[in-house]
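I opened this notebook to record what I looked up in one structure. The entries run from the whole chain down to single residues.

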Amino acid sequence: MENINWKDLSFGYIKTDYNVRTYYKDGKWSEPEVTDSEYLNIHIAATALHYGQEAFEGMKAYRGKDNKIRLFRWKENARRLINSARGVIMAEVPEELFRDEIFKAVKLNEKYVPPYGSGASLYIRPLLFGSGAEVGVSPAKEYTFMVFVTPVGPYFKGGVKPVSMMICRDVDRAAPKGTGIFKVGGNYAASLRAIVKARDENYANVIFLDAKEKKYIDECGPANFFAIKGNTYITPKSETILRSITNKSLVEIAENMGMKVERRPVHLDELPGFDEVGACGTAAVISPIGKIFDPGTNQVFEYCKDGNPGKVQMKLYNKLTAIQVGDEPDIFNWITVLD
Ligand SMILES: Cc1ncc(COP(=O)(O)O)c(C=O)c1O
């Protein structure tokens, strides 16, 4: 613990002191249990291991100038986990249980919430999975819900910088009517071939297209896509992407700043006409995109030609991050300050 250099933290796992677990059996959830073990004792026939009955969340706690710990829109994550549970027929985690467990996990590991000004934060990982044994393909009767936390560094060390993305044409992350809208592990397994290939070719990540027509932008690896054109914020409407809480928040900020917002299918042919493009999600908030390569057509689309992130997206980024750490008033009622 003494050795953590807050400014050098990566987006990786660092052991903290405790995690919290609760078990669903005979139709009810147990009281949350606190443990210092980093391991789970899991049945060899648990449905999570065989049939992917698993969903998770990702959120952050921030320390403000006043030294208080702030959680950002945790109810949205609680609701999304309920939706994901429905998506793969798992027991739902009630909102109050979700809250109790994340609050407990953060408070017990309070000393790992990085200091204000470091750019680092405490990443919170709630995880729900089928822990009951089944051999045939059917939902488990027992579930485990657990929360662990780990301190993570700012995504961009030394300031936000534009990244390069590669359009993916040979892998689909999610199918229409499939599970793309849920935050379930299978979607991430399905995306790995594409992500690893893009990274091997020195791209930060991939842009997935709609699986059916390969004409519309879906999302960017584990982040939503958005574009700025004039005074309009444009983001894909698709039945195969995760509903990003960061994107939802940027939309509200954009509207509040007097911008127009369009949530609609975004055609690849529109790429040359955008002023700015970016990826958004909890990890980086915004990753400005400087270059997009389409291996299908060999086209390259370039943005941020001066090497700097677009001005409009930086305005949105600065506003959202200032609200998260409490530097700006919480006018949208997004923040819960822990006692
Ligand atoms: C597939 C996918 N899309 C988008 C996002 C961004 O969502 P959020 O802003 O809620 O972190 C994530 C990350 O959680 C993701 O995994």
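I count two residues as in contact if their C-beta atoms, placed from the backbone, lie within 7 Å. With that rule I looked at the protein chain: among contacts between residues at least 6 apart in sequence, 70% join residues at least 24 apart.

Entry on the source. I note that this is a predicted model, in which local features need pLDDT of at least 70 and side-chain atom pairs count only at pLDDT 80 or more, while totals for chains, interfaces and linings use all residues. Residues are numbered from 1 along each chain as its sequence is written.

Entry on the whole chain. I took helices (H or I, at least four residues) and strands (E, at least two) as DSSP runs, numbered from the N terminus. The protein chain has six helices and 18 strands. Along its principal axes the C-alpha trace spans about 55 × 50 × 35 Å. I then checked the radius of gyration, taken over C-alpha atoms, against the globule rule of 2.2 Å times the number of residues to the power 0.38. For 339 residues a compact globule would have a value near 20 Å, and the protein chain agrees, with 20 Å. For burial I call a residue buried if 20 or more other C-beta atoms, placed from the backbone, lie within 10 Å of its own, exposed if 12 or fewer, and partly exposed in between. Of the 339 residues, 44% count as buried.

Entry on the domains. The bounds come from an automatic or database domain assignment. That assignment gives domain 1 (6-152) and domain 2 (163-323). I find their C-alpha centres 26 Å apart. Domain 1 brings 17 residues to the contact and domain 2 brings 11 residues. On the side of domain 1 that touches domain 2, the elements giving two or more residues are β4 (54-56), β5 (59-63) and α2 (74-87). Of these, α2 gives the most, with six residues. I sorted residues by class: Ala, Val, Leu, Ile, Met, Phe, Trp, Tyr, Cys and Pro count as nonpolar, Asp, Glu, Lys and Arg as charged, and the others, Gly among them, as polar. By class, this side of domain 1 has five nonpolar, six polar and six charged residues.

Entry on strand β8. I found nine of the 10 residues of β8 (residues 143-152) buried, so the strand is largely enclosed by the rest of the structure. Strands pair here if DSSP finds at least two bridges between them. Strand β1 (residues 19-25) runs antiparallel to β8 and is joined to it by five bridges; there Thr22 stands opposite Phe145. Strand β7 (residues 121-130) is also antiparallel to β8, with 10 bridges, and Ile124 stands opposite Val149.

Among the residues around the ligand are Gly58, Glu219, Asn224, Ser244, Thr246 and Thr282. The elements that give two or more residues to this shell are β12 (223-229) and α5 (245-256). Helix α5 gives the most, with three residues. By class the shell has four nonpolar, seven polar and one charged residues.

Entry on Arg243. Where does Arg243 lie? I place Arg243 in the loop between β13 (232-236) and α5. Arg243 is partly exposed, with 14 other C-beta atoms within 10 Å. Leaving aside its neighbours within four places in sequence, Arg243 is in contact with Arg80 and Lys248. The C-alpha atoms of Arg243 and Glu219, 24 residues apart along the chain, are separated by 10 Å.

How values were computed:
A residue is near a molecule or strand if its C-beta atom, placed from the backbone, lies within 6 Å of it.
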